[in-house]
Amino acid sequence: MALKRQHRMMEVFSMASMTDVIFLLLIFFMVTSTFVFPTALEVNLPESSHQTALKPSTRVFIDRDSRLYVSVSGEEPSEIDAEMLVGAIQEAQALAPLDSDPFIAVYADEEVTYGTLVKVLDIGASNNMKMVLATKPAPASARPE
C-alpha cells in the first residue's frame, strides 16, 4: 500500500513584509520632518491665538541680543546692521511679483525690547511694506473662546 502525501497550497497572504514597509515609511517621515525647521537661529517666539497661513517673501529675525538677520526668498539668514535693513527690504520689494501683496515676517525673541522691535517695524512702514509679527501658537487652554 503506497501512501501519498498531499501538498496543500496556502490561501493566506503574509502581511509581514507589508508591515515592515509601513514601519520604514513611518521612520522616514519622522526623521525628515525634523529637517523642516525654518531656520537655525534660536528665537523664542511669543505666543498668540491667531495665526496666518501666508508665506512671507522676506523674514527678519531679531535674537535676544538684538542682532538682526535677514532671509530673502527662503535663503539662509545673514546678519546685517539696522542701516542695511532698508536695502534688504527694497530688494524684497523688487523680487516680489507684481500681482502678489508682499509682506515681511518679523521673528523677534520674547526678550527683545519693545524699542528695538518698533525700530524694525518703522523701517518697514517707511518703505510701504506690510510687516507681520511672527508668533508661535498658544496652548489650547490659553486661547480665548
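## The strand S5

Which residues point one way from S5, and which point the other way? In this predicted model, Phe 103, Ala 105 and Tyr 107 point to one side of the strand, while Ile 104, Val 106 and Ala 108 point to the other. All of these residues are buried.

Burial here means under 20% relative accessible area. Since 6 of the 6 residues of S5 are buried, the strand is largely enclosed by the rest of the structure.

## The sheet

Strands of a sheet pair through backbone hydrogen bonds, either parallel or antiparallel. Here, 5 strands form an open sheet in the order S4-S3-S2-S5-S6, and the pairing is mixed. At its edges are strand S4 (78-80) and strand S6 (130-133), each of which pairs on one side only. From one strand to the next, the twist averages 30°.

The individual pairings can now be described. S2 and S3 are antiparallel and share 5 bridges; within this pair, Phe 61 has Tyr 69 in S3 as its bridge partner. S2 also pairs with S5, in the parallel sense and over 5 bridges, and Ile 62 has Ala 108 in S5 as its bridge partner. S5 and S6 run parallel and are joined by 4 bridges. Opposite Phe 103 stands Lys 130 in S6, and opposite Ile 104 stands Met 131 in S6.

## The crossover

How does the chain pass from S5 to S6? The path leads through H3, and this β-α-β crossover is right-handed.

## The nonpolar cores

The largest nonpolar core contains 18 residues. Val 60, Ile 62, Leu 68, Val 70, Leu 85, Val 106 and Val 120 are those with the most contacts inside it. Two or more residues come from each of the following elements: strand S2 (58-62), strand S3 (68-72), helix H2 (82-95), strand S5 (103-108) and helix H3 (114-126). Another core, of 5 residues, lies apart from this one; among its members are Phe 61, Tyr 69, Ala 105 and Tyr 107.

Which residues does Val 120 contact, leaving aside its neighbours within four places in sequence? They are Val 60, Ile 62, Leu 68, Leu 85, Val 106 and Met 131.

Definitions and conventions
Residues are numbered from 1 along each chain as its sequence is written. This is a predicted model: local features need pLDDT of at least 70, side-chain atom pairs count only at pLDDT 80 or more; totals for chains, interfaces and linings use all residues. Side-chain values use heavy atoms; hydrogens and water are left out. A nonpolar core is a set of buried Ala, Val, Leu, Ile, Met, Phe, Trp, Tyr and Cys residues joined through side-chain atoms within 4.5 Å. Buried means under 20% relative accessible area, exposed over 50%, partly exposed in between (1.4 Å probe, protein chains only). Contact means heavy atoms within 4.5 Å. Two strands pair if DSSP finds at least two bridges between them. Axes are lines fitted to C-alpha atoms, for helices over the stretch in contact, and angles run from 0 to 180 degrees between N-to-C directions. A crossover is right-handed if, with the strands pointing away from the viewer, the path from the first strand over the helix to the second runs clockwise.
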